[in-house]
Amino acid sequence: MASQNEKSIQKSDSSNVSKKKRKSLSWMTSLRFRWMSQISFFVLTIYIGWMFYLFVRYCETGGATVFVPRPPGVEAFLPIGAFMGLKYFLGTGKVDPLHPAGFIIFAAILLTSFLFQRGFCSWICPAGTMSEWAWRIGDRIKSKFNKGVKYWVEAFPVKLTCGLSMISTPIVALMLLDIISFASFGSPNMKFIYPLMIAAIIIPFALPRKIWPARVEDSIARAWKYSILAFFAVTIVIKMPAQQLEIMFTNVPFMKVADVRMLKFFTDMSMLAAIILSIIFVFSFFTKNYWCRYFCPYGALVGVLGWASVFRIVRNKKTCIDCSKCTVACPVHIEVEKKNTVYNPECLGCYDCVDSCPVDDTLDMKLLGYGRKIHYAVYAGLVVGLFVIFMNTARVTGYWYNNIPLPEYMERISDLDNPKYEHKQGEFKVE
Ligand code: SF4
Ligand code: SF4
């Protein structure tokens with residue numbers, strides 16, 4: 001039987017390989033094309049954030065600073081509001097009057113994922129962009145480390161996340177089953193749980209790889225983001241009555257300044273939040289797509305919806321030379337070389353595997369049932385195009401701007417320290 005190397009050499013004799021090499025001399029690759037898209041959306045996000053900061057400052061100072069209109073795109077940073085808007089739309093057929101742009105952006109993300117799997121994550125999302133840039137810089141740093149240090153800087157974040165997920169995921173499950181609640185954490189019986197929590201954190205570090213493989217660790221760590229998604233989906237989309245949302249959008253002061261509260265989260269950050277975000281930031285350099293892979297509830301949701309998509313990475317096993325380049329290139333650790341068709345909810349539609357494959361017509365994004373390969377520019381055009389069209393349609397049809405007048409914003413923002421704008425574990429004050 002021919003060895004793996006012999007098989008690779010025989011298959012690499014194919015003229016397809018040289019054709020691909022010639023093509024690779026071209027400057028434009030899917031990666032560079034994707035970076036152009038990512039940078040455009042990243043700059044747009046920074047611009048929106050800055051405009052919103054100036055708007056809030058104008059309101060806080062009673063109009064003493066330069067006036068900038070409130071950019072509705074800032075509502076994209078309200079994930080809980082987006083789930084509420086979805087439930088409100090499903091229950092009443094109406095669009096959230098306070099954060100219509102947030103709902104529209106969320107709906108656009110869901111639709112693009114349903115049609116084109118997780119293209120949103122790798123071509124548009126600014127959080128995905130930061131995650132990706134961090135690990136690409138981290139890869140350069142790690143190349144200077146010796147093998148042992150490299151292993152631990154990569155493995156430590158996953159092991160720790162796995163241990164914490166073994167604590168958080170069952171807690172969320174018990175809360176969703178109404179077996180425990182937030183109040184349970186004050187119970188004296190909690191002391192019996194602490195040893196289990198400590199054991200959960202130690203297990204991933206203590207057990208040898210033979211009985212605790214990396215893929216098990218990774219799957220448990222990923223369960224965290226699905227538990228966050230389940231929590232939002234059950235508590236908001238399933239359990240919350242649409243009539244309650246109607247009251248919240250009308251009578252709850254917090255809802256009217258939720259976007260300003262989100263801004264204050266970043267500009268007046270608590271020490272605890274700063275420490276958690278710093279840890280996630282540092283881990284993102286050493287673990288590929290750390291935020292998207294383990295925490296982002298949007299990532300979990302679009303991954304699940306993406307199952308329905310007919311756009312798939314497809315490998316031609318007849319021409320594949322088993323070089324593993326696709327697997328090495330994949331930022332979410334999918335063993336592309338072993339799949340004929342990639343049906344993995346983590347697949348980002350990033351084309352990195354396609355770009356890395358040295359053999360023509362061996363690895364491509366395809367429309368299932370159609371057979372022809374989809375060029376990355378066409379795929380990007382579909383993902384980004386649908387997203388932009390959706391947004392602009394909302395703009396011209398009146399579903400983009402909310403109904404809060406400027407004087408009301410000025411009054412509320414200048415009074416933001418009033419206790420009526422606070423909430424405790426989902427309990428809000430009504431006016
Ligand atoms: S399988 Fe290919 S397209 Fe999917 S995430 Fe991995 S590298 Fe990107
Ligand atoms: S599909 Fe993957 S393993 Fe096969 S030739 Fe392409 S890069 Fe190499």
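Two residues are in contact if their C-beta atoms, placed from the backbone, lie within 7 Å. The model shown in these views is predicted.

**View 1. Surroundings of I313.** Leaving aside residues up to four places away in sequence, I313 touches V336, V342, C347, C353, V354, L363 and M365.

**View 2. The largest nonpolar core.** This core has 85 residues. Those with the most contacts inside it are F120, I313, C353 and V383. Helix α10, residues 214-238, gives the most to the core, with 10 residues. In soluble globular proteins, nonpolar side chains tend to be buried together.

**View 3. The shell around ligand 1.** Ligand 1 is surrounded by 14 residues. C330, C347, C350, D352 and C353 are the closest of them. By class, the shell holds 12 nonpolar residues, one polar and one charged.

**View 4. The shell around ligand 2.** Around ligand 2 there are 15 residues, of which C320, C323, C326, E337 and C357 come nearest. This shell divides into eight nonpolar, three polar and four charged residues.

**View 5. The crossing of helices α7 and α14.** The axes of α7 (residues 126-142) and α14 (residues 271-286) come within 6 Å and cross at roughly 60°. The two helices are therefore oblique to each other. On the α7 side, S131, A134, W135, I137, G138, I141 and K142 make the contact. Six of the contact residues are nonpolar, three polar and one charged.

Key:
Residues numbered from 1 in each chain as written. Chains lettered and ligands numbered in written order. Predicted model: local features only at pLDDT ≥ 70, side-chain atom pairs only at ≥ 80, totals over all residues. Near = placed C-beta within 6 Å. Nonpolar A, V, L, I, M, F, W, Y, C, P; charged D, E, K, R; others polar. Axes fitted to C-alpha atoms, helices over the stretch in contact; angles between N-to-C directions. Helix = DSSP H or I, 4+ residues; strand = E, 2+ residues; numbered from the N terminus. Parallel < 35°, antiparallel > 145°, perpendicular 65-115°, else oblique. Core = buried A, V, L, I, M, F, W, Y, C linked by C-beta atoms within 7 Å. Buried ≥ 20, exposed ≤ 12 C-beta atoms within 10 Å, placed from the backbone.
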